[in-house]
Amino acid sequence: MATKAQSAEVTETTRPEGDGPDGYRRRDFLNVAAVSFAGVGAVAALAPMLVQMGPPADVLALASTEVDISKIQPGQGIKVSWRKQPVFVRNLTPKEIAEANAVPMSDLRDPQSLAERTKPGKQNWLITLGVCTHLGCVPLGIGEGENRGPYGGYFCPCHGSAYDTAARIRTGPAPLNLTVPEYEFTGPNTVQIG
Amino acid sequence: MSFSWAKPYEPKNSFTRWIDDRLPLPRLVYGAIGGGYPVPRNLNYFWNFGVLAGLFLTIQIITGIVLAMWYFSSVDGAFNSVEHIMRDVNAGWLIRYAHMNGASFFFIVTYIHIFRGLYYGSYKAPRELVWMLGLVIYLLMMATAFMGYVLPWGQMSYWGAQVITGFFSAFPLIGEPMRVWLLGGYAPDQAALTRFFSLHYLLPFVIAAVTILHIWALHIPGSNNPTGVDVKDERDTLPFHPFYTAKDGWFAGLVLLVYALVTFFAPNYLGHPDNYIPANPLATPAHIVPEWYFWPFYAILRAFTVDFILPAKLWGVLAMFFSILLLFFLPWLDKSPVRSGSYRPVFKRFFWLLVADVILLGWAGGSEATPIVVAVSQIASAYYFLHFLVILPIVSALEKPLPLPNSISASVLHGEAEEAAPIGQTKRRGGSVATATAE
Amino acid sequence: MRFILGFIGAVFALVLTISLINGVATYFSTPPEHTATEEFYKHPKHLALASDGPFGKFDNQQLQRGFQVYSEVCAACHGLNLVSFRDLEHIGYNEAEVKKIAADWKTQVPSINPDTGEAAGRKALPSDRFPSPFPNETAARAANNNALPPDLSLITKARHDGAAYTYSLLTGYQKQPAELVKKFPDAKTPQGLHYNPYFPNLNIAMPPPITSDGQVTYEDGTKATVDQMSKDVSAFLVWAAEPKLAARHASGLSVAIFLLFATILGYLAYQNVWAEAKRKVRVTGALDPENQAKTSRAKAKQGITG
């Protein structure tokens, strides 16, 4: 039978207050610890989701490409793919080397000498990315008969950037010279790019 | 919420007050899962499984979106793209195994959640719509899981797709055209694969939306509880936060531990080796089986072996669809005014018989269709239909339930308060006895 | 409505009963035939590997021996097209060794002649996948009596108890028992196939690949018995199917420990939160004889009757 005494016995507590300020804080600590642990776990669980977006092992493996340069005559160049981007490998003629060295640094938007852009003893091998530094088009000039622009190097038809025989920017909107990737000569006839 | 003593939301600082004035989202959350949502104080651990289902839906969506960044839905490239994920993508193996086993765990917690509903009468008035929305979620889950399993384009993926889409051809006249329309071809091929990928990506968000409706519909009457007795006053409830956030939190940790053990140490246990063989439309695997969570339905499908007016194949398909469809009618099949199986001794016995029956159906569905297995599926399927369509209506009409406690707090306080009253009669608190008490 | 549903249920039950009776009748009138496979098929022998169990790790020495068996015995017919040469660095070969293995690999990678554009092969690079021994399925079947040697990249995951299966298969070739031929004359091993009780069909198209001790000379000097070679190549194939196995076990251990700790903390916090909220439930109802007695005593005391 219901009695008032019964009702009083039901201690309804919506938030256990504890024994006072100390008891409350002690109890709270455990709760805070548990929630923090869960939070750390949640963040840690998210980590693989973000890490997986990076390049996978097979893409990283293709980060270097070996190129056979034995068939490139002076004055010729080839276009190869490296990291899915075009790379111009050109064998400069002595005339082109002289032309490049004759340009004063003050004339250059992005001052660099040909020596800085090639390997010592192999000044005739100009290896650059075939990507215009303006907005990313592939410039002309590497293939036989292609327009080499006013400076005899490369010419980008998109917005008119013109590069010289050392692939340095001379006119047009591009801010920088064609990028020289990391490369090394791994043999008399092979170059490893990347 | 319909409870008058639910604590209203009070923004604690000027920032939350600023947000609340412009968009009452914190208020909504507070009233739904915060301190402002009263929940019966006597819930047992079977009430944890709804939240766990939501947790696994979230896990599936996150791992799935990430997998979709690498998966390639071409018949020539799909299998290899999954292996690329397993071998070369950073942590790809972890995400793939998590997604694969996450699906299984999503079904495990959902099945426990459903059986909780069956036992405690959660489908009864006023929660019929909660139940039916839940069934809609279940159907969407099955469609999503089926399509997801096809995506790796292994042997079981392909042949499972062949079998399941083959169901439709069982229907006379419209069956075969429907099947060809569904597949975009005569057999599962590129068209089927790409559309399954598209729909597999879409449906989980539909599930999320229906889940919100499911929870919204629940929050109108509030949660059921193990006694099945309605909440009467403040003493019967506790605010969801911090009591049930704490309980859900720790139990989720335990379930995630089991999930992690399976994902890291036995990731292929619940799967089938044949799906590591690239799909070959010209060679059928020795035993085509769906994933384990479809086994009971597969057993029902295979149980019909004779033509009787209709072809056996059509009976199988109809029975399989109807086995889920009949659950929509459950609130009207079982009309007992008593909700909880704890107070319905006859119902309780049949309930456990149903559980054993479904487990038996599951075993039969996953086994090779030998005569014994088929015979078992026939008996078990017959029981399944009889249970819901014949036994329950009769039992609910005729049984004499145990007396219910007057209130949740009465049952919680261990009998110190009111004695039980006969059904439909309750004593007024603190006042005089309205009717004779049950002795 | 309930009657309609009840009727439908009864109809399903009826059809099922008919099916059951039909099935029982068929079983007794035409008992299912006992097949040779049922009687003579053997489940795989037990194989213990370093990668077994929740703490399993790969034994790189064994994997290298297994790779040697693969390259000298199996690679002639079986591809490994999901594995890249560079993956071999994970089983103990260094970069230079991998480059050499790739360049010396017997099958070349399909490519084109850079001058004429005609189809040609080129030497493999570490970044390449293992090239298949045959350019396509038709060629593979033509060279193998119409049988298709499966790619081995996933074989241990694609068969139940995969490593034990490959080991048992490789060591299981034997003469077809006379008993089988007597009992099931139709199941006599056809010409061109070989009897092996560990193969689901009992007769496999592959001739025994590892036939004698010393078929491979191991670089590390281990005695190359048929049993040893079969074990080693099985271990290698487990790695080929799942190179990340060791990483999976290691990270699994950390995750499990973390979750255990988090769960315990969570449980303690839960107990803490609920410390003062009464919540024990008597599920069987309040009409407990003990309480009935209590209430009637209390009533009697207060002089309430009825």
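The following paragraphs lead the reader through a predicted model with chains A, B and C.

Residues are numbered from 1 along each chain as its sequence is written, while chains are lettered from A and ligands numbered from 1 in the order in which they are written. Because the model is predicted, local features need pLDDT of at least 70 and side-chain atom pairs count only at pLDDT 80 or more, whereas totals for chains, interfaces and linings use all residues.

The predictor's confidence in each residue is expressed as pLDDT, from 0 to 100. Chain A averages 85 on this scale, and 86% of its residues score at least 70. Among the elements of chain A, the lowest mean pLDDT, 35, belongs to helix α1 (residues 4-9), and the highest, 95, to strand β4 (residues 125-129). Over residues 1-23 of chain A, pLDDT stays under 50, and the model has 28 contacts beyond four places in sequence for this stretch. Two residues are in contact if their C-beta atoms, placed from the backbone, lie within 7 Å. Of the contacts in chain A with a separation of 6 or more, 47% are between residues 24 or more positions apart. Buried residues make up 23% of the 194 residues in chain A. A residue is buried if 20 or more other C-beta atoms lie within 10 Å of its own, exposed if 12 or fewer, and partly exposed in between, with C-beta atoms placed from the backbone.

Strands of a sheet pair through backbone hydrogen bonds, either parallel or antiparallel. Here two strands are taken to pair if DSSP finds at least two bridges between them. One open sheet of chain A has three strands in the order β1-β9-β8, with antiparallel pairing. Strands β1 (65-68) and β8 (183-185) of chain A stand at the edges with a single partner strand each, so one side of each is left without a neighbour in the sheet. Neighbouring strands in this sheet are turned by 25° against each other on average, direction ignored; axes are lines fitted to C-alpha atoms, for helices over the stretch in contact, and angles run from 0 to 180 degrees between N-to-C directions. Three bridges join β8(A) to strand β9 (residues 190-193) of chain A in the antiparallel sense, and V191(A) in β9(A) is the bridge partner of F185(A).

Another open sheet of three strands in chain A has the order β5-β6-β7, and its pairing is antiparallel. Its edges are β5 (152-155) and β7 (169-171) of chain A; each has a single partner strand, so one side of each lacks a neighbour in the sheet. Strand β6 (residues 162-164) of chain A and β7(A) run antiparallel and are joined by two bridges, and A162(A) stands opposite T171(A) in β7(A).

In helix α4 (residues 78-87) of chain B, eight of the 10 residues are buried, among them F79(B), V82(B) and I85(B). The buried residues of α4(B) pack against α3 (49-68), α5 (92-120) and α9 of chain B. Helix α7 (residues 155-168) of chain B has 14 residues and reaches 21 Å from its first C-alpha to its last, close to the 20 Å expected at 1.5 Å a residue; the expected span is 1.5 Å times one less than the number of residues. Buried residues of α7(B) include Y158(B), W159(B) and I164(B), and their cover includes α6 (128-150) and α9 (190-219) of chain B.

The contacts between chains complete the picture. Between chains A and C, the contact takes 15 residues from chain A and 16 residues from chain C. On the side of chain A that touches chain C, α2 (21-51) and α3 (57-61) of chain A are the elements that give two or more residues, and α2(A) gives the most, with eight. Between chains C and B, the contact takes 62 residues from chain C and 67 residues from chain B. On the side of chain C that touches chain B, α1(C) gives the most, with 18 residues.

Key
Helix = DSSP H or I, 4+ residues; strand = E, 2+ residues; numbered from the N terminus.
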